[in-house]
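Dear colleague,

Please find below the sequence and structure that I am handing over to you. My notes on what was found follow directly after them.

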Amino acid sequence: MADTRYTKDHEWIVVDGDIATVGITDFAQGQLGDVVFVELPAAGAAFAKGEQAAVVESVKAAAEIYAPLSGEITETNPVLDGEPGLVNADPESGAWFFKLRIADASELDGMMDEAAYKAFLEAEG
Amino acid sequence: MNDGPLSQDSDQNLRRTPLDGLHRELGAKMVPFAGYEMPVQFAAGILKEHLHTRAAAGLFDVSHMGQLALVGEGVAAALEALVPADLLDLGRGRTQYTQFTNEAGGILDDLMVTNAGDRLILIVNAACKATDIAHLRAGLGHGIDLEVFEDRALLALQGPAAAAVLGRHAGAAVGDAPFMSMLECEVAGAAAWVWRSGYTGEDGFEISIPADRAEGVATALLAEVEVEPIGLGARDSLRLEAGLCLYGHDIDETTTPVEAGLLWSVGKRRREAGGFPGAEVVQGQIADGPTRRRVGVQPEGRAPAREHTEITDQAGNKVGEITSGGFGPSVGGPVAMGYVETAHAVAGTALNAVVRGKPLAASVVRLPFVEHCYYRGKPAA
């Protein structure tokens, strides 16, 4: 059973073995508005946790997406280039951004689960 | 994620327009803009609001803009001392776009001036309202009275269905009014000043009404099947596609009307005679050509090139900067405008927009990106 974690930057992470799939939450897409372009990293690129890994552009503004974990990009979502609006339509499944091979599993410690993220959103209010 | 400039936290000191309650009822997302809490979008979102305005009709609240009147003997001549437009020949009921200029020929604000018979009515930008009023008081001299209408709302009804919709609430005469004219009539029972104008490139109207009638008029117009409420987000993408300048971005104190491509708004008599602040600079640029010009910039890929994006030539030298840029919903891709050195300002010139450190291919294009659909009056019989 895959395990979903969340960051305070409104990213979700599904961990399956040593591979993390990363996207943005429904709350995040709602804040961004209509997404018109997603710039994804190249496969093979390595990021430290917190480094800018992707950019999502809405009709309003550009937003930076940070690598939630250190690791190397193994795959990016090929659908987003031609269909960036999928980020609005299906943010927490079909519109995943990239997969990365986790370099340091201890970085997952203390990350929010779904209940904690919901509480975080309510507190942000 | 970093949110953009349109999603800052709201501030307790912001002013509210007479339609504030209606916006909230309609599910608007409110943001601070020019000292006001304004709707950036409604439930449909910017993309759908933009496309709806071009397909049918959109209703915008622009009550944050300044509504002023000037009265007095020789008022047109007095205002000509501050702007480069020909106002002496502005016919009754006609409207002229112009700019307040400074001694360097830079633009302090852009505005609409209407000859309303016994007075001139001025519509100025919200962010410049206070400085414009001070500038007018200092520059007009004795004998000209300035009235500031704090108790009026301003609505814009824009789109191909605007004339049919307004005709149902204001009588058929509004449909015959040509672009850049004003008439006084009732709209949904309220005494209104109605202009055939707007800032979307579409046919449409701007409607000034007493603040206490604003909600009733807006509700009546929104009840029409063609009309949806539209926020500032779509107002920005519509005016960008229409190639229209946004003050503080595409024009400011450092850009002249000549550089900005606004020479059409400088009266022919004024080009010769001058008599406005910075006239020598403007005349010099008319004679010799400006060193830079505002142009349309079309990025080739999908990535938007936003404000402050550097523009480089093929060799990588900086030749300009984007002043407005984003995604054009009607174009279906990125659109931008900015200033480039005159040698690079010819339509078709291949340039680069440097987005996040990467030079992306772009070309200079003629403005507007979407053709204007203004109503110029009935064809001669």
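**The largest pocket**

Six elements of chain B each supply at least two residues of the lining of the largest pocket: the strands β2 (29–33), β6 (95–101), β7 (107–115), β8 (120–124) and β17 (318–328), together with the helix α8 (232–241). Please keep in mind that this is a predicted model.

The helix α8(B) gives the largest share of this lining, namely seven residues. The volume of the largest pocket is about 1,300 Å³. Its lining comprises 49 residues, and those closest to the centre are Phe33(B), Asp236(B), Arg239(B), Leu246(B) and His249(B). By residue class, the lining of the largest pocket contains 27 nonpolar, 14 polar and eight charged residues.

**Two hairpins in chain A**

I now turn to chain A. Strand β1 (residues 3–6) and strand β2 (residues 11–16) of chain A run antiparallel and are joined by four bridges. Within this pairing, Asp3(A) has Val15(A) in β2(A) as its bridge partner. The two strands form a hairpin, with four residues between them. In the turn of this hairpin, His10(A) has a positive phi of about 70°.

β2(A) also pairs with strand β3 (residues 19–24) of chain A, again in the antiparallel sense, over six bridges. Here Asp16(A) stands opposite Ile19(A) of β3(A). β2(A) and β3(A) likewise form a hairpin, in this case with two residues between them. Gly17(A), in the turn, has a positive phi of about 65°.

A colleague

Terms used:
Residues numbered from 1 in each chain as written. Chains lettered and ligands numbered in written order. Predicted model: local features only at pLDDT ≥ 70, side-chain atom pairs only at ≥ 80, totals over all residues. Heavy atoms only, no water. Pairing = 2+ DSSP bridges. 1 Å grid on protein atoms, 1.4 Å probe; cavity = no way out; pocket = protein on both sides within 12 Å on 5 of 7 lines; lining within 4 Å. Points joined across faces, edges and corners; volume = space filled by probe spheres on them. Nonpolar A, V, L, I, M, F, W, Y, C, P; charged D, E, K, R; others polar.
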